[in-house]
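Work through the exercises below with the sequence and the 3D view open. Try each task before reading its solution.

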Amino acid sequence: MNVLLFWKNELRVNRGVLIGLSLLLTLAVALAVAASETRSMLRTASAAAAERFDLLVGAKASPTALLFGTVYLRDEALPIVPAETLRLFQNQKDVRWAAPVAFGDRAGEAPLVGTTRTLVTFGDTLPLSEGRVFSSRFEAVAGASSGFQIGDEVRPVHGRVEGAGHEHDTHFEVVGVAPPTGTPWDRAVLIPIEAVWAVHEHAKPGEEHAHEEPFESWMTGDLSKLPGFSAVVVKPATIAGAYKLRQTANAAHVVDARGLPVNLMGVFTGEVLVNLYAVLGNASVALDVLTAAAVLIALAAAVITGGVLGRLRLPVFLQLRTMGAPRRYVALVVWLLIVTVAASGALAGLVLGTAGAFGAGLALTHETGIAMSPALGASEMKIVFTTLAAGALFALLPAVAAGRAKLN
């Protein structure tokens, strides 16, 4: 007797129940796969977004806030870093380059970042895709996804939250467009940091004295009376030098424009991310347990249903036995039915879970500005193969029971 022909017949007869079980298992596996892919995607994308920011120096506070505010351009209340901090790191032999950043304003939905020409190209390692770097106080470089193009006028609004703040009485002309990086900085508009100071002192384009002082001349002058920065981005020359620079930052205090000492801190973006991943990893254990439980419950339902089907179809199976079919024939049919449910649920769950992860990636990209795209990895395939193996193993119980069953 052909086992496959009888198996096909049983699939047709019991298709409603089997499809329902397969859908239940599909949802359980999809949840596990989507959670795994999304977790991996978040780690990979957030790490990639922080790659260019080796060392951040800020006023002593929360390292996480400094990371989120500087690298991911989130709205964080960062304490002011005295301007003399830049001089401290400019004079270090282990520094390839150092640049300040200042936050607090936006243009539409685009955050404005006050900085220097060095950071615009990350020390000449990231050339612009169009135009040139700003060379006067009221010029700007737009991020690839900021919505601004060369020649556009940028009007800053105080505050980094849409719908809050007031418009400043000044504007900037976009003279360059940065290349896409897949980071929140693609949405930003970069302007000279002295323009940030001037804007908040209510200076207008005609009052900025651009012809009296060369552009960025403040960097070689007296920094003690300048307003300060949100942070300083430091590019170390070597790995060993990076640790020395962080030690220098953590041990330093710099006097601000009011004459008050400010303690500094140096933050490796990678270390902060590792700590965040550890916290998220602890939290994700609960999610892993829940998804594993969901898969096991779905498999248990399939096994129990296989046992019930075996009892309901027992007269048919016994009729086959009287026609000469061995016990293993009946057992194999029941086993194949349950394995079919496990296989279809696992594979469909893999597809549905990946689609869900893509949807989550699109939503997270829109929310954070970090380019995210899930990818199948060993963890997701492990979920699928484990489900298949468990289904094949658990299916032996009702299969053997059906093969040994007798009519009373």
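A search of the whole structure finds three cavities of 30 Å³ or more. On a 1 Å grid over the protein atoms alone, a cavity is a set of points where a 1.4 Å probe fits but cannot get out, and a pocket is an open set with protein on both sides within 12 Å along at least five of seven lines; lining residues have an atom within 4 Å of a point. A volume is the space filled by probe spheres set on the points, which are joined across faces, edges and corners.

The model is predicted: local features need pLDDT of at least 70, side-chain atom pairs count only at pLDDT 80 or more, and totals for chains, interfaces and linings use all residues. Residues are numbered from 1 along each chain as its sequence is written, and side-chain values use heavy atoms, with hydrogens and water left out.

**Exercise 1.** Describe the largest cavity.

- Step 1. Its volume is about 160 Å³.
- Step 2. The lining has 16 residues; F122, L126, T181, T183 and W185 lie nearest the centre.
- Step 3. Sort the lining by class: 11 nonpolar, three polar and two charged residues. (Ala, Val, Leu, Ile, Met, Phe, Trp, Tyr, Cys and Pro count as nonpolar, Asp, Glu, Lys and Arg as charged, and the others, Gly among them, as polar.)

**Exercise 2.** Which helices each supply at least two residues of the lining of the second largest pocket?

- Step 1. Take the space: about 410 Å³.
- Step 2. Find the centre of this pocket. Of 18 lining residues, A32, D288, T291, A292 and I383 lie nearest to it.
- Step 3. Read off the helices: helix 2 (15-49), helix 8 (269-312) and helix 11 (378-394). (Helices are DSSP runs of H or I, at least four residues, and strands are runs of E, at least two, numbered from the N terminus.)

**Exercise 3.** Trace the salt bridge between E216 and R117.

- Step 1. The structure holds seven salt bridges. (Each is a side-chain nitrogen of Lys or Arg within 4 Å of a carboxyl oxygen of Asp or Glu.)
- Step 2. In this one, N and O are 3.4 Å apart.
- Step 3. E216 lies in the loop between helix 6 (193-200) and strand 10 (231-236), and R117 in helix 5 (residues 117-120), so the pair ties together parts 99 residues apart in sequence.
- Step 4. E216 is buried, at 11% relative accessible area; R117 is partly exposed, at 33%. (Buried means under 20%, exposed over 50%, partly exposed in between, with a 1.4 Å probe and protein chains only.)
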